[in-house]
Amino acid sequence: MKIERDIISQLAEWKDASIHKPVLIKGARQIGKTWVMHEFGRRCFKHVAEFNFDRVDELHSIFAGNKDINRIIKELSAISDVPIIPGETLIIFDEIQESEHALNCLKYFCEDAQEYHVVAAGSLLGVAVRKKSMTVPVGKVRIMRMYPMSFSEYLRAADLSIWEKISQISRIAELPELIFNKLMLEYRRYMVCGGMPEAALAMINNEGKGAVDNALQDILDMYELDFSKYASPIEVTRINAIWRSLPSQLSKENRKFVYNVVRSGARARDYEDALIWLEEAGLIYKVQDVSKPGIPLSAYCETNAFKVYASDCGLLRRMARIPAEAFVSDVSGFTEFKGAMAENAVLLSLIKQFDTQPYYWTSGNMAEVDFVVQMETEVVPIEVKAERNTKSKSLSVYNDKYKPNIRIRYSANNLKFSDGMLCCPLPMADFTHWLMNLANKL
């Protein structure tokens, strides 16, 4: 079974545009970047010419000389199994972080040879660029950010009929009970496997929790090997310490990141680079506190107060060793972490849809709103509840103080909009942008 990835439609639009800057796909390891490039090429081009800088050492010398694109194309054609024809061949540069010359050469494809369609990607690209003091030719490439599979992508593969019904909603109203229950079932399954394609496919194909956990553990083990490959020995220790502390950080009622949870006596200045490393690797997201929901939100952030979330819920669950059964039955003591998992899932949905940095809001020790997001000229407060019980004073405190036009609450309840509050089922977080448009028409 193949899982349709949304980024392929973005690549198809790029192919048909009049200007073809080379595309640079950025994203964490094992999210399917290589598969996406090949699948896009298979669908949209007669030929796919792949050049992998990790596998073929001879490639490096081709780009180390002058940057004459005609010469480079001739040399690439000499080692390619398929013809390289403008408009008919997709050129793939995989593991491009291994060649600084190839990365820089994307600039000259943009300036001198836009008739060629070039797509590049690399493992830990941000980390490699920083470590080797490489530069990405800003303005000469189109950067596309790729993420683990969203729940929407998962649902489309797991239950197409439910996905079609949800994606065709034309008004905000309660979903029929049958559809809502099926939606919640697939959401619980997704929270077990997450968005890593191998684990998600194991879940969709009903291969069992063992296959899902093995796939996730393999990825976690690979990530820790990457730490050693791309970081100095002292950095490796600190990166590992932060990475392994994520479940403990998120299991607290107050999820603010605390360095003492990483290691007793740990100081911010000693671990800042490790946090940046994990961010650049695409493995974590920092969500900073704002003192006031003003525009732009970045002007009001408190740099010393932040939360850290994982880039994938399945990996987070596996790191925390939460059994799959916890998502299908009531398990004592799981309440706090279940709430953290729900927050993590919503955050990933918001980042992908709005391509903006979410923050969170606090008012001393009185109230805390899980997320605030700037949507054009509107700052929208967002509350996340893992279950049906939505009692909370924080959103009310925020509403009384700032009187936003619209508020969002995600929970295990059905869809509803009333008095400026969009009550959205957790599985529909990926459809927030569409639901906001519907709510604004009311």
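Predicted model: local features only at pLDDT ≥ 70, side-chain atom pairs only at ≥ 80, totals over all residues.
1. Overall fold. The protein chain contains 18 helices and 13 strands. Its radius of gyration is 23 Å, close to the 22 Å that the globule rule gives for 442 residues, so the chain is as compact as a globular protein of that length. Along the principal axes, the C-alpha atoms fill a box of roughly 65 × 55 × 45 Å.

2. Burial and contact range. Of the 442 residues in the protein chain, 54% are buried. When contacts between residues at least 6 apart in sequence are considered, 70% of them join residues at least 24 apart.

3. Surface and charge. The protein chain has an accessible surface of about 19700 Å², and carbon and sulfur atoms account for 47% of this area. The chain carries 55 positive and 57 negative charges, whose mean positions are 4 Å apart.

4. Surroundings of Trp-277. Beyond its neighbours within four places in sequence, Trp-277 is in contact with Leu-124, Val-127, Asp-226, Phe-227, Tyr-230, Ala-231 and Ile-239.

5. Leu-124. This contact of Trp-277 lies in the loop between strand S4 (117–121) and helix H6 (125–131). Leu-124 is not a glycine, but its phi is positive, near 50 degrees. With a relative accessible area of 4%, which is under the 20% cut-off, Leu-124 is buried.

6. Lys-403. A positive phi, of about 50 degrees, also occurs at Lys-403, again a residue that is not a glycine. Lys-403 belongs to the loop between helix H17 (394–402) and strand S11 (407–411). The relative accessible area of Lys-403 is 63%, and the residue is exposed.

7. Cis peptide bond. The bond from Ile-295 to Pro-296 is cis, with omega near 0 degrees. Pro-296 is placed in the loop between strand S6 (284–290) and strand S7 (301–310).

8. Leu-90. This residue is part of strand S3 (residues 89–94) and is buried, with a relative accessible area of 0%. Leaving aside neighbours within four places in sequence, the contacts of Leu-90 include Trp-14, Met-37, Phe-40, Phe-45, Ala-49, His-117 and Val-119. Leu-90 and Ser-264 are separated by 174 residues in sequence and, C-alpha to C-alpha, by 52 Å in space.

Terms used. Residues numbered from 1 in each chain as written. Heavy atoms only, no water. Helix = DSSP H or I, 4+ residues; strand = E, 2+ residues; numbered from the N terminus. Rg over C-alpha atoms; globule rule 2.2 N^0.38 Å. Buried < 20%, exposed > 50% of the residue type's maximum accessible area, 1.4 Å probe, protein only. Contact = heavy atoms within 4.5 Å. Areas by Shrake-Rupley, 256 points an atom, 1.4 Å probe, with all protein chains shown as cover. Lys, Arg positive; Asp, Glu negative; His and termini not counted. Charge placed at Lys NZ, Arg CZ, Asp CG, Glu CD.
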